[in-house]
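Student: I am new to this structure and would like to learn how to read it. Please take me through it feature by feature.

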Amino acid sequence: MSTSITRSTCPYCGVGCGVLIESQGDQITGVQGDPDHPANFGKLCSKGQTLHFTASPAVTAQTRLLHPMLRTSRGGPALRTDWDSAMSLAADRFHNVIREHGPDAVGFYISGQLLTEDYYVFNKLAKGVIGTNNVDTNSRLCMSSAVAGYKLTLGADAPPACYDDVNHAQCLFIVGSNAAFAHPVLFRRIEEARQRNPGMKVIVADPRRTDTAELADLFLPIQPGSDVMLFHGLLHIMLWEGWTDPAYIAAHTSGFDELKALVRDCTPDRVADVCGIRKEDLFTAAQWFAGLDDPRSGARKPTLSLYCQGLNQSSSGTAKNATLINLHLATGQIGRPGTGPFSLTGQPNAMGGREVGGLANLLSAHRDLANPAHRHEVAALWGVPSVPDQPGKTAVDMFQAAADGEIKALWIACTNPAQSMPDQATVRRALERAEFVVVQEAFATATTCDFADLLLPATTWGEKEGTVTNSERRISRARAAVPAPGEARHDWQIVVDFAQRIETQLRPGQSTLFPYDTPESIWNEHRESTRGRDLDITGLSYDMLDKQGPQQWPLRDGDAQGKERLYEDGIFPTADGKARFAALPWKPVAEPRESRFPFSLTTGRLRDQWHGMTRTGTLGRLFGHVSEPMVQMHPQDMERRGLKDGDLVHVTSKRGSIVLPLQGSASIGLSQAFIAMHWGPEYLSGRSSSGGVLAGVNALTTSAYCPTSKQPELKHAAVKVLKAELP
Ligand code: SF4
């Protein structure tokens, strides 16, 4: 049988590597890096290289959902049903809830793993047809603080830099990102740039000495949650030393005087104390960031900041993002090759979800729900009388509302909240209390197995068509190499079927708002919705993507290609065209450690695993790097407590407790502990503080969130670590 090659995109992280899928008949048989894709030029990491094994018949027979299934009672068996019955039931149950309790009694919780076209129809279904803004996504847990930070300072949710800037930067400031594990192909690019350019300085700020930190010329082992103080301290020094760029500040920014007043008391002594780092390292970092080796010459070397969940997953997430951007504005380190604040997205299509407004506070094409003119524009685009003005529930609030009985029907797509949401006790109570839970998924997960009343089998990587956007605003095609297995349907098809059925009940006699027969027809409506917006992609057709390959936005009608970098002209999408400094004070973490819970727990990724391991957890070879869950602590903390490597310990927060083996690691700071985020119910059992059975590391984490971005503080919880008594 001959081998076919299909050009597509890796479904894991936000680097967005291009892949060539090899297939024979209806089987995926191999995967190669796409040498022509500008995100990876043929390279793949350990996860991308093994994608085809996760799609082998032996694996999928164990993991995939292949038929619609219905449970008539919670905890009872899931019985096979047919698509027509399943979709009729879903429409009837949702309609009943809406009729009795109003549209805000339903919620849609979707995913940054969905394609842009899937996201678009979910958003239109909830906000345009049902009349609720209760549509949020697991991207809320991943990048909503980056969105809020960009909008607050630069005026739009638009990362200004691109991957090629790594090759132009003379200083890389990597903060709150273990790119070596989370974005490996980009990290490889950084290593290569460094080899070519020995003069490049790399600063890494992180509570843990990660593999990324091993590359650093200067490592700043900051205390968890102290990032804002670090950034204010760097600005304080830059001001004192005359390392800011007054001409850029005067021409292109506003609000600097207020910020100057705020950072006045962020003295090196205070910052060193709060952050737990040395004063001399602060000075070095400030000088390298400013890029002024010889301040008298005025020639400024370019500095690029790369950051991720360490900044985002925080109760100060917006402030962390915005105050880092302050540093770029104060030094004019933006809008030139090798400069800029550059947030890295965790998921493959977190950016695409932002573009279609697939979050509870956004509308299509980066419009704001709170803006009446934007609501009016979107209603006109969709052909509906209005878009509701009540803010929708964001992820944490949506599950809290379900736990409180306020949301009665939940639709969950392509994500596993029974593992990935913080404060699992509340999330599980929500899923138990909801009257009707639909889960649209490709894989069996804790959510599908324990909580779904109706299971709708969806296609996944290698089987579906659409687009994704990576961290550098680059849109790529995802393509199908093999047909859908079993009775699985494409996500957009499931949404459109449901939407057409519920339309007949909510908008009887009117023509459908969902006339789509292909993902391309959805794409064309989406790109038209961007006309005149900051992310205008009116010139980007599927045909162009097929002929010219992946493209960055904006790409307007008539443009030959997209834009590599933004703000090169120093004009920002704000009312006065100037970027805004954010004068936001440092605040401690939501749950500081204290005598009963004396350790700071941080969570993070492993090199070879992805999210809840539904895909990567099926391959033995991906357990070669780390084979089992463990909690890591500093050897001195272990010695002081009489603990040793391999001891089983209880790790306990105010919300729950789990048991796992202990490993000493000098990469962990004193009074800190680290557990990888991937380990779920299959690997870790535990109990909630009220005695219920819980599972996974999120039994411990807090749902405290940033008041602006609503992103929860998954990177910090106060815990105690005690030796487990063996029976
Ligand atoms: Fe996939 Fe990310 Fe690895 Fe690239 S770096 S192959 S996108 S997981």
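Tutor: Start with burial: a residue is buried if 20 or more other C-beta atoms lie within 10 Å of its own, exposed if 12 or fewer, and partly exposed in between, with C-beta atoms placed from the backbone. This is a predicted model, in which local features need pLDDT of at least 70, side-chain atom pairs count only at pLDDT 80 or more, and totals for chains, interfaces and linings use all residues. Residues are numbered from 1 along each chain as its sequence is written.

Student: Does Gly76 count as buried or exposed, and why?

Tutor: Gly76 counts as exposed, because it has 10 C-beta neighbours inside 10 Å. Gly76 is found in the loop between β4 (69-71) and β5 (78-80); helices (H or I, at least four residues) and strands (E, at least two) are DSSP runs, numbered from the N terminus. From Gly76 to Phe219 there are 143 residues in sequence and 53 Å in space, C-alpha to C-alpha.

Student: How do strands of a sheet pair?

Tutor: Strands of a sheet pair through backbone hydrogen bonds, either parallel or antiparallel. Here, an open sheet of three strands has the order β19-β20-β21, and its pairing is antiparallel. β19 (466-469) and β21 (551-552) each have a single partner strand and stand at the edges, so one side of each is left without a neighbour in the sheet. β19 is joined to β20 (residues 474-478) by four bridges. Thr469 has Ile475 of β20 as its bridge partner.

Student: Into which domains is the protein chain divided?

Tutor: Domain bounds come from an automatic or database domain assignment. The protein chain is divided into domain 1 (4-63), domain 2 (149-344) and domain 3 (599-723). The centres of domain 1 and domain 3, taken over C-alpha atoms, are separated by 30 Å.

Student: How many residues of domain 1 are in contact with domain 3?

Tutor: Two residues are in contact if their C-beta atoms, placed from the backbone, lie within 7 Å. Eight residues of domain 1 are in contact with 10 residues of domain 3. On the side of domain 1 that touches domain 3, α1, α2 (51-54) and α3 (57-63) each supply at least two residues.

Student: Where does the ligand's shell lie, and why?

Tutor: The shell around the ligand lies between domain 1 (4-63) and domain 2 (149-344), because both give residues to it. α1 (46-49) and α8 (184-196) each supply at least two residues of that shell.

Key:
Pairing = 2+ DSSP bridges.
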